[in-house]
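Please read it alongside the model shown here.

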Amino acid sequence: MEYWCIDRIEEGQAVLEGPDQSFVHLDLSLLPPKATEGDCLIQSGDGWQIDGEETRRRRQEAAWRLRNLWSKGGQDRP
């Protein structure tokens with residue numbers, strides 16, 4: 001499954017980063033009303049949907065990286 005993540009929202013548009021690190025600009029009206037920066041989206045026949053599980057997983061990974069950025073040896077990943 002290909003995920004697109006909302007990198008940022010600016011001037012009524014969402015900037016999505018794709019699985020190949022490319023970026024696209026989409027009008028916010030095309031996304032779910034509750035979509036926010038950092039959400040992972042999948043595209044289906046019904047439009048864009050937030051994948052809550054993938055969003056949580058990536059946010060946990062980012063939090064782990066931030067906590068362990070300066071630690072020596074770090075800890076095992078979640």
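In the residue classes used here, Ala, Val, Leu, Ile, Met, Phe, Trp, Tyr, Cys and Pro count as nonpolar, Asp, Glu, Lys and Arg as charged, and the others, Gly among them, as polar. By these classes, the lining of the largest pocket has 4 nonpolar, 2 polar and 4 charged residues. The model is predicted: local features need pLDDT of at least 70, side-chain atom pairs count only at pLDDT 80 or more, and totals for chains, interfaces and linings use all residues. Residues are numbered from 1 along each chain as its sequence is written, and side-chain values use heavy atoms, without hydrogens and water.

**Largest pocket**
- The residues lining the largest pocket are Tyr-3, Cys-5, Ile-6, Asp-7, Glu-17, Gly-18, Gly-38, Cys-40, Arg-58 and Arg-59.
- Strand 1 gives the largest share of this lining, 3 residues.

**Aromatic pair**
- Trp-4 and Trp-48 form an edge-to-face aromatic pair, 6.3 Å centre to centre with 80° between the planes; the rule requires ring centres within 6.5 Å, and edge-to-face means planes over 60 degrees apart.
- Trp-4 lies in strand 1 and Trp-48 in strand 5 (residues 47–50), 44 residues apart.
- Trp-4 and Trp-48 are both buried.

Terms used. On a 1 Å grid over the protein atoms alone, a cavity is a set of points where a 1.4 Å probe fits but cannot get out, and a pocket is an open set with protein on both sides within 12 Å along at least five of seven lines; lining residues have an atom within 4 Å of a point. Helices (H or I, at least four residues) and strands (E, at least two) are DSSP runs, numbered from the N terminus. Rings of Phe, Tyr and Trp (its six-membered ring) pair if their centres lie within 6.5 Å; planes under 30 degrees apart count as stacked, over 60 as edge-to-face and the rest as tilted. Buried means under 20% relative accessible area, exposed over 50%, partly exposed in between (1.4 Å probe, protein chains only).
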